[in-house]
Amino acid sequence: MTPMHAGRPFRLFRNLNAKIASIPMILTALVIFVGGTAWTVFYSFTNSKLLPRASFVGFDQYERLWATPRWLVAVENLAIYGVCTLVFSLVIGFLLAALMDQKIRFENTFRTIFLYPFALSFIVTGLAWQWILNPNFGIQQVVRNLGWESFTFDPLYNADIVIYGILIAGLWQGTGLIMCLMLAGLRGIDGDIWKAARVDGIPTWKTYVFIVIPMMRPVLVTTLVIIASGIVKVYDLVVAQTSGGPGIASEVPAKYVYNYMFLAQNLGQGFAASTMMLLSVVIVVVPWAYLEFGGKRRHG
Amino acid sequence: MRYRLTTAAFAAGVVFAAASSASATDLEVTHWWTSGGEAAAVAELAKAFDATGNKWVDGAIAGSGDIARPIMIGRITGGDPMGATQFNHGRQAEELVQAGLMRDFTELAEKEGWTKLIHPKSLLDGCTLDGKIYCVPVNIHSQQWLWLSNKAFADAGVAVPKNWDEFVAAAPALEKAGIVPLAIGQQPWQTTLAFQVILVALAGPETFQKVFGDKDATLAAGPELAKVFAAADQARNMSAKSNVQEWNQATSMVISGKAGGQIMGDWAQGEFQVAGQVAGKDYTCLPGLGVNEIISTGGDAFYFPKQTDPEKAKAQEALASVMLSPATQVAFNLKKGSLPVRGDVDLNAANDCMKKGLEILAKGNIIPAPDQLMSADGVTQINDLFVEFFANKELSAEDAQKRFAEIIAAAD
């Protein structure tokens, strides 16, 4: 590096324009994200009802939270929904992208069709699938009309499998986007690598698994973050499809937070629940960020 | 520079104030009355208010109170208050009042003599905090009714039951005829309502008062309540096939004879009326499930968030007096199927069921509604429990009772 000019002694003033331009975003991040989070965590240790009130009760809200069956059901549902969404949308998304990458005809048309559900909001998706899965109008009735009288497929009315009914709708909506991201990743792989692999006589599937997928690491990381953030905040899909029913079988944490903050007028309980949601995100994100960014510095 | 900024802010404030006073007599009123019978009743209120030279801006929020209340509270605490808003009087708006967000109506109440007009007195007590009056009760709604479809029982070939036990006994005959014995919507408050009604009817008003009012957890865990939970278990089995969400969908099952009966508040009556059915001929009503003829005196009330604009404040006063005027009370309550809050109005046009209710009211067989006794937090937890209980057959009556007692012990 060339030595600094005498007129600019401070590192702080380098790239001054860029630094000034980023001040609003830094303030937003600090005040809204960090500040709001700290505020929420702070008040989760109080017995605030409808309005925030600083009278502390220690861990009472958390004790009550983890003794509430509805919260436990919600956490279990989120775990099932999360693992399934992660696995299925990655696998299906990648398979679709790989198929799309075989230089097929009408690729644009297929891409549009697969991406189309993503243009719909979760509310519309939820309502549409509520009708499709309704035993009196949807798939079950259609199959029965075809002659298979004993056919039963009513996930939304069966407490044991209702979360899978929601999963189907979620996958239908989200997989198209994952496919597009994967496709972009595949297109980013240099064509010469494919040629070299063919010359060496490596089978196509091996090329994908051992060469292409490892090279797609940045795309995979982006995709993971997008999927994971969608999982934690799932709310509107459940509200539109089942509103938590039958009974409390399809409750999710975000819905618990909303209900206890505004409906039960118990802010403390809602804040405790949202702090637990934050904690689960932190547990996933911090080790990942450490690996990702800590590793890069060593290489750099 | 700083001086100029302040001036600009001040000017903007003045412009804003001027803009809002231009539409001074428009008063937005939010409520969650959206079913057929309810909408007809609201129209009566709007008509009466428009006649005073002001304009009713309707802010109906669809769904139910559970959906609407968070939106209303959000607007009031967020600094965008509406002119007036519905709540169930009791503790739902308690903290808003404590925080000084609601307007004090004591002066107007004294001038118009509300304390003498409003009957029973407990209604106004629900509006009172530290001796000041903050809301206007508009009707008395009681929950303790069993609505029966005469057609359904005729189809099943059994007599229309006169009490809960006869109804339970008739259930097998109804099921054989392909009729759902008991219709219950899946919304949380409906299952809780069914339970509370069974509790009051089978265990009596003293037990109800002790459990919900005094939060007596020992009683809630005791044998008296075990009886009630056993009956709730029966109700759960009888309603197993009713796959509807909204209360008025459940009522329409009763109206069309697809269901034998429904435990629902007297607002269901508005639906029977819209469908052109006649009390006693097409449908039968049993207050207190025909066991304990008692009604609760909950109901709807209007609260008036504080306004900065004096014109709006004046319109709020006009709305408050119009809501309590005898003519509005009669017109509104006939459409709504509820009872008027004044003891001195003429209700000759009332039907059989409303007359039954008025009689019970005159006898003084009344209890406060759970909303008046328990905070929203406790009510929500109980709602959660009963939603689960009615949907999940694996949750036994004994386990549910144990959890119920725990909630009561912790509730405030």
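**Close-up 1. The pairing of strand 7 and strand 9 in chain B of this predicted model.** Strand 7 (residues 145-149) and strand 9 (residues 259-263) of chain B pair in the antiparallel sense over 3 bridges, where pairing requires that DSSP finds at least two bridges between two strands, and where helices (H or I, at least four residues) and strands (E, at least two) are DSSP runs numbered from the N terminus. Within strand 9 of chain B, Gln262(B) is the bridge partner of Trp147(B). Residues are numbered from 1 along each chain as its sequence is written, and chains are lettered from A and ligands numbered from 1 in the order in which they are written. Local features need pLDDT of at least 70 and side-chain atom pairs count only at pLDDT 80 or more, whereas totals for chains, interfaces and linings use all residues.

**Close-up 2. The open sheet of chain B.** The sheet holds 4 strands in the order 8-9-7-10, with mixed pairing. Strand 8 (180-182) and strand 10 (283-287) of chain B stand at the edges with a single partner strand each, so one side of each is left without a neighbour in the sheet.

**Close-up 3. The two domains of chain B.** The assignment, which is automatic or taken from a database, gives domain 1 (27-141 + 297-362) and domain 2 (145-296 + 374-410) of chain B. The centres of domain 1 and domain 2 of chain B, taken over C-alpha atoms, are separated by 27 Å. To their contact, domain 1 of chain B gives 23 residues and domain 2 of chain B gives 22 residues, contact meaning that the C-beta atoms of two residues, placed from the backbone, lie within 7 Å.
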